[in-house]
Amino acid sequence: MKKTIAPAHMKFVLTALFLLSFTIVSLAKDKILVFSKTAGYHHKSIDAGIKAIQELGVKYHFEVDTTTDSTKFVVANLKQYKAIVFLSTTGDVLNEEQQKAFQQYIQAGGGFVGIHAATDTEYGWPWYGKLVGAYFVKHPKIQEAVLNINDSTNISTKQLPRPWKRTDEWYNFKDIQPDLHVLISIDESSYQGGTNGANHPMAWYHNFEGGRAFYTELGHTDESYADPLYLQHLWGGLQYAMGKVKMK
């Protein structure tokens, strides 16, 4: 005689399968894409930056894909990522179709993190300039300077000393967007070569066209990516861009 599963047992099995599927989904890790294509100057610190972000992924349980291949910028591919990081990209790195896909990704609620030379990218694409928040103009020699923490309660800055002295390559900017929430600014009297004056931003964020954009100028040197303070600053920005935390 053929045996059948009693209704109570069937309900138990279905419940167990549902809980198992829910657990599998909940254990799925968030994923980001680190894009580091250069059509201009190539920063040697990119390799150190990729390694550091991968280590952040291990520590904080998110996956990190890396690429210099701009053909990855299609909607079907980008939608799997919580945030896209432009790590010291330079020059014209996306064609028109790839630009459209990236724009759609941001407008659908995606996150963006720009690191250092991300502001030395896509000068001919005004939308990108608004997203990243400013464009690079020039920089003086690498030297120590004093950074002022404009917002000491933010997740990306609350662990930083006030003021913060560090050595890096300090950018001057043009086309600084008016809606930026500035997190860190630089004291131009503390070093030589600053041209933006009293209000010289170094890190900022803003909500942009449905998405989230964070930028930090810091990160030219290899040493930056071994600095716990800098890495916590970057992790704070990543959390915002990934939608893990909200900023005022």
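What follows is a dialogue that goes from the overall layout to single residues.

Me: What kind of model is this, and how are its residues numbered?

Reply: This is a predicted model, in which local features need pLDDT of at least 70 and side-chain atom pairs count only at pLDDT 80 or more, while totals for chains, interfaces and linings use all residues. Residues are numbered from 1 along each chain as its sequence is written, and side-chain values use heavy atoms, with hydrogens and water left out.

Me: How many helices and strands are there in the protein?

Reply: Helices (H or I, at least four residues) and strands (E, at least two) are DSSP runs, numbered from the N terminus. The protein has six helices and 11 strands.

Me: What percentage of the residues count as buried?

Reply: Buried means under 20% relative accessible area, exposed means over 50%, and partly exposed lies in between (1.4 Å probe, protein chains only). By that rule, 50% of the 248 residues are buried.

Me: Which residues touch the most other members of the largest nonpolar core?

Reply: In soluble globular proteins, nonpolar side chains tend to be buried together. A nonpolar core is a set of buried Ala, Val, Leu, Ile, Met, Phe, Trp, Tyr and Cys residues joined through side-chain atoms within 4.5 Å. Here the largest such core has 70 residues, and Ile32, Phe86, Phe102, Tyr128 and Leu238 touch the most other members. Helix α6, residues 228-241, gives the most to this core, with seven residues.

Me: What is Phe102 in contact with?

Reply: Contact means heavy atoms within 4.5 Å. Leaving aside neighbours within four places in sequence, the contacts of Phe102 include Phe73, Phe86, Phe112, Trp125, Trp127 and Tyr128.

Me: How far does α6 reach from its first C-alpha to its last?

Reply: The expected span of a helix is 1.5 Å times one less than its number of residues. With 14 residues, α6 reaches 20 Å, close to the 20 Å expected.

Me: Why is α6 described as largely enclosed by the rest of the structure?

Reply: Because 11 of its 14 residues are buried, α6 is largely enclosed. Among the buried ones are Tyr230, Leu234, Trp235, Leu238 and Ala241.

Me: What is found at the start of α6, and what follows the helix?

Reply: A polar contact is a pair of N or O atoms within 3.5 Å; within protein, one must be able to donate a hydrogen and the other to accept it, and residues adjacent in sequence count only if both atoms are side-chain atoms. At the start of α6, a side-chain oxygen of Asp227 comes to within 3.0 Å of the backbone nitrogen of Leu229. After the helix comes Gly243, with a positive phi near 85 degrees.

Me: What is the strand order in the open sheet?

Reply: Two strands pair if DSSP finds at least two bridges between them. The nine strands of this open sheet run in the order β2-β1-β3-β4-β11-β10-β9-β6-β7, and the pairing is mixed. Its edge strands are β2 (62-67) and β7 (164-168), each of which pairs on one side only.

Me: Which residues of β7 are on the covered face, and which on the uncovered one?

Reply: Trp164, Arg166 and Asp168 make up the covered face, and Lys165 and Thr167 the uncovered one.

Me: Is Asp168 buried or exposed?

Reply: Asp168 counts as buried because its relative accessibility is 0%. Its side chain reaches the backbone nitrogen of His220 at 3.2 Å.

Me: Where is Ala48, and how far is its C-alpha from that of Tyr225?

Reply: Ala48 lies in helix α2, and at 23% relative accessibility it counts as partly exposed. Ala48 and Tyr225 are 177 residues apart in sequence but 6.2 Å apart in space, C-alpha to C-alpha. Leaving aside neighbours within four places in sequence, Ala48 is in contact with Asp222 and Tyr225.
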